[in-house]
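Good morning, and thank you for the time at today's meeting. Please look at the model on the screen as I speak.

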Amino acid sequence: MPRHGVSPRHSHPRSGWEQGLDSFLGPPRLLWMGLGLALVLALALPDSLVLWAPAAAHPLPARGHPARFNAIVTQLRNAFGWWNLTCPLCKGLFTAINFGLKKEPNVARVGSVAIKLCKLLKIAPPTVCQSAVQLFEDDMVEVWTRSVLSPSEACGLLLGSTCGHWDIFSSWNISLPATPKPLPKPPSPPAPGAPISRILFLTDLHWDHDYLEGTDPNCADPLCCRRGSGLPPTSQPGAGYWGEYSKCDLPLRTLESLLSGLGPAGPFDMVYWTGDIPAHDVWQQSRQDQLRALTTITALVRKFLGPVPVYPAVGNHESTPVNGFPPPFIEGNHSSRWLYEAMAKAWEPWLPAEALRTLRIGGFYALSPRPGLRLISLNMNFCSRENFWLLINSTDPAGQLQWLVGELQAAEDRGDKVHIIGHIPPGHCLKSWSWNYYRIVARYENTLAGQFFGHTHVDEFEVFYDEETLSRPLAVAFLAPSATTYISLNPVSPPSLQVTASTK
Ligand SMILES: [Zn+2]
Ligand SMILES: [Zn+2]
C-alpha cells in the first residue's frame, strides 16, 4: 500500500488524506456510525449475549493500550491514506465532524443507517430495529462526539501522543491508604448460640406490565408472552397464567404470589434487593415506563414485607436506554437525575439521609443496619462493559471505588464488618474496574464479611484469591438466581441467607 495512495479512477492525483476525508465525511462516515449503533443494539437487545458472556474475575492488572488498537490504526492509516494528515488539520476535522453530527437531521441520518443495518443483519424484527434505534441514537451520538470522535482522542489515536491522548478504557488505579493490612484471619465457625440474622435476598424481578396469558411465547421479538406478541400456532400452547419458560418476564400476580408466600421462610431482619425491576422490552421503554416499574414494585415489596427494612441496589435495566448510566459529570437532560431522584423518593422509608444524599448523586450508598455491620450498596453500572457512557471516561466513575476504600478503612478502624450488595457481579466488569475491586477485596479481607450480586439470573458464586499466589481463597461473592423466567429459566423460591455471628 503506497503511503500516498492515488486512486486510478481519479483523473488528477489527490493526496491520501483528502480521499480519506471524503470517505469520512461522506456516506461511509454514516456507515461507521450506523454500524457502531447497530453494534450497541446487538449487545442490548438479546440479553442472552450479555447474560451469558464468559465471566472472569481479573486478579491481574489490566494492560493499558490494547495492542490490537495499534494494528487497527495502522490499517486505518493505510486504508484511508492518512499518513500526511497534520495534527491541527486532524483536530479541525473532528471539531467540524462533531459540530455537524450533533445537529438534529444528522442524528436522524445516523439512525436511519443503523436501522438499515439492524434489519440487514437481522439483529431484530424491523419494528424493533426502528424503535430501538430511535431510543438509543440521541445518547449514542452524544457519547461518540464526546469520546471516540473527540478531537483529542481521535487524533491521539490516529497521529500518536504528540497530537492527543487516546485513553478510551485505559487502565487506572485507585489508591489504598498507607495503613498496613492486618494479618489475615482465617474464617472460623461461629460460637454455639451466637446471634443469627435472617436476610431475604431478592434480585432480577423483571415485571412485565404487558404480560398476557395465551400469547405466543416464541414470538420474533426479544421479549414475548405479551401484548403485541401475537397468538401461538394452534399446535403450540400460549403463555401460561403465572409465567412461561421462554423469553418472557413475569406478570404482577406472580410477583405478588412470590412476596405473599414468604411467610414460612421468615421472619426476616432485612432484605437485600439487587435490582433489575423492569421487563426486557428494552427497545421501547420510556422514562415513565421505568418509573412506573420502580414505584409499583417498591410499593409491592413494602406491602408484603411491612416494616422490614429493604436495601436496594441499582440494576442495569432500571434506566433507559438500558445500560445507560452517565457518571455524575454529565448534567442536564442526559443525566441520571430523573432516575436517582425517583429512587430516593421511593426508598426514603428505608434509607437514612446520608444514604439518600449519595444515592441522588451516583446511585450508591452506605449505612449501618445494626451496630457492628456496615452495608454498602454499589452502583455496578459504573463498572459495566455495556454502559456506553463510560467511553467518555471510565476512570473510577463517580469516584465510587475510592469512596468504597474510605468506607472500608473506616469500618476496619471501628472494628465493624461490611456487606457489599450490587447488581452486576465484579467478574463481569471492565478490566480496570474489576482489577481495582479485586485489590480492595484482598486488602480488606478481614473486614468484608459478604458480597451479594444478581444480573446473571443464575445461582452461582465468584471466588477471590490472594494476589500473591492466587491460590488462597479469601472472599466469595454470592450471585442469586432471578425471580423472572427470562430466558427459559426455572427460578427457585426466593433465596434467603442466614448470617451467623459474622456481624460481631
Ligand atoms: Zn436481570
Ligand atoms: Zn441485569
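His 457 sits in the loop that runs between strand 7, residues 448–453, and strand 8, residues 460–465. Please keep in mind that this is a predicted model.

The unreviewed UniProt entry carries the annotation "binding site" for Asp 204, His 206, Asp 276 and His 457. Although these residues are spread over 254 residues of sequence, they cluster in space, with a largest C-alpha distance of 10.7 Å.

Let us turn to Asp 204. Its place is the loop between strand 1, residues 196–202, and helix 9, residues 252–260. Asp 204 is buried, since there are 25 other C-beta atoms within 10 Å. Which residues does Asp 204 touch, if we leave out those up to four places away in sequence? The contacts are Asp 276, Gly 454, His 455, His 457, Ser 482, Ala 483 and Thr 484.

Finally, I would like to consider a helix. Helix 8 spans residues 151–159 and is mostly covered, with eight of its nine residues buried. The buried residues are Pro 151, Glu 153, Ala 154, Cys 155, Gly 156, Leu 157, Leu 158 and Leu 159. After helix 8 comes Gly 160, which has a positive phi, near 100 degrees.

Definitions and conventions: Residues numbered from 1 in each chain as written. Chains lettered and ligands numbered in written order. Predicted model: local features only at pLDDT ≥ 70, side-chain atom pairs only at ≥ 80, totals over all residues. Buried ≥ 20, exposed ≤ 12 C-beta atoms within 10 Å, placed from the backbone. Helix = DSSP H or I, 4+ residues; strand = E, 2+ residues; numbered from the N terminus. UniProt positions renumbered as here; feature names shortened; annotations may be inferred. Contact = placed C-beta atoms within 7 Å.
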